[in-house]
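Have a look at it first, and then read on.

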Amino acid sequence: MKKRLSGLTFSGLTLSSLTLSAFTLGLAQPALAETSLNVVGTWSAVSLHKNFEAPFWSQTLPEASNGDIQVQMTTFDQMGIEGSDVFGYLKNGLFNVGMTFSDYVGGEAPALEGLDLPMMTTDPDKAREVSEAFLPIAEKTMQSHYNAHVLAIAPNTPQVVFCNTPIEGLGDLQGKKIRASGRTTAEFLSALGAQSTVMAFNEVPGSLERGVIDCAVTGSLSGYNSGWQDVADYLLPLPVGGWDTVITAVGNDTWNALDDETKQTIEREIEPGFVDPVWNNLAKDEEQGIACLTGEGDCEHGEPGDMTLVAVTDADRERAHQALVDAVLPSWASRIDDETVSLWNENVAPLVALPIVK
């Protein structure tokens, strides 16, 4: 019996007019013996996809396997699906491997929000330690919610604040309407006295330009690549939205169908070929984002903007940390089960001095 999907688009085609059995790019096909994988990445415009996801899946992995692993890759925005729906479609078998931001799926899988709590870490090395320590929670949650196995955890860029109204520090966010990408960031902003709202990434430039919102949180380089410097005037480079961490997962049906050699090739290549380069370039990407948005420094990605760079003070950092401790962490802890709390306290809390006491 032919199945039909509605509401999906891919390369301009509406999937309601296509059956899964006739989908010409094979997104509904399982991995075959010669291993053809259909992979869905994150936003097509961001540096994470352009510089790391696409090269690894489209070039590095096929070459490392001597052509035995072939990959057809797109991104969730090119498919016309929401980032929050990626793992749901992965579970349903629409594709073999999917990637999306951990805070996008917090509504369905709140445990994953703990991977990237706002202001939990403020330097790349510590952020990587936390992501590695969080892996048992991520794996447990992906298995139970999405019937999937975690292949990798990697960041985008620090989630900083863009404003189209004057600010001089964190305290000036009070009362402002600010876009957040996920629930924990929204809770963090609310704890600062801001009016937070969750809004899709691609809706932000127009909303800033029209004054629907005063500020928005996203990665510095992602914002630059998407032209936010044209609609925002002030940049506060404090990672109030975390590191925009992305989980890469493979459906269990696909993973279990692969032979041992193919599994070993993927596992052997994904850390040096994808995860390491992302983390190793994070500090540079952070610097480049600021340079390209403000013109303060050399921008290697194009014409720099002229946003005003707002200085971050120790008082800002302390206030941000208190918002995490007093509001965000307790709220997240109320949404997770006892096993997740135990895994957190055992693996993550010692790294960031944030134990959960229920």
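## A stop at S102

Setting aside residues up to four places away in sequence, S102 touches L112, L115, D116, T245 and I247, where contact means heavy atoms within 4.5 Å. S102 sits in the loop between β5 (97-101) and α4. Helices (H or I, at least four residues) and strands (E, at least two) are DSSP runs, numbered from the N terminus. With a relative accessibility of 2%, S102 counts as buried; buried means under 20% relative accessible area, exposed over 50%, and partly exposed in between (1.4 Å probe, protein chains only).

Before going further, note that this is a predicted model, in which local features need pLDDT of at least 70, side-chain atom pairs count only at pLDDT 80 or more, and totals for chains, interfaces and linings use all residues. Residues are numbered from 1 along each chain as its sequence is written, and side-chain values use heavy atoms, with hydrogens and water left out.

## A152 and its contacts

I247 turns up again among the contacts of A152, which also include V246, T248, I270, F274 and V275, leaving aside neighbours within four places in sequence. A152 belongs to strand β6 (residues 148-154) and is buried, at a relative accessible area of 5%. How far apart are A152 and I270 in sequence and in space? They are 118 residues apart in sequence and 7.3 Å apart in space, C-alpha to C-alpha.

Helix α4 (residues 124-133) and helix α10 (residues 260-280) have axes that come within 10 Å and cross at roughly 140 degrees. Those axes are lines fitted to C-alpha atoms, for helices over the stretch in contact, with angles running from 0 to 180 degrees between N-to-C directions. That makes α4 oblique to α10: under 35 degrees counts as roughly parallel, over 145 as roughly antiparallel, 65 to 115 as roughly perpendicular, and the rest as oblique. On the α4 side you'll find P124, A127, R128 and S131, meeting E271, V275, D276, W279 and N280 of α10.

## Bends and spans

Helix α1 (47-64) bends by about 50 degrees at F56. Helix α12 bends too, by about 35 degrees at L324. The bend at a residue is the angle between axes fitted to the seven residues ending there and the seven starting there. F56 is one of the buried residues of α1, along with others including L48, F52 and W57. L324 is buried in α12, and so are A320, V328 and W332, among others. Part of the cover over the buried residues of α12 comes from α6 (183-191) and α13 (338-352).

Here is how two helices span from first C-alpha to last; the expected span is 1.5 Å times one less than the number of residues.

| Helix | Number of residues | Span and expected span |
|---|---|---|
| α11 (residues 282-294) | 13 residues | 18 Å, close to the 18 Å expected |

Most residues other than glycine have a negative phi.
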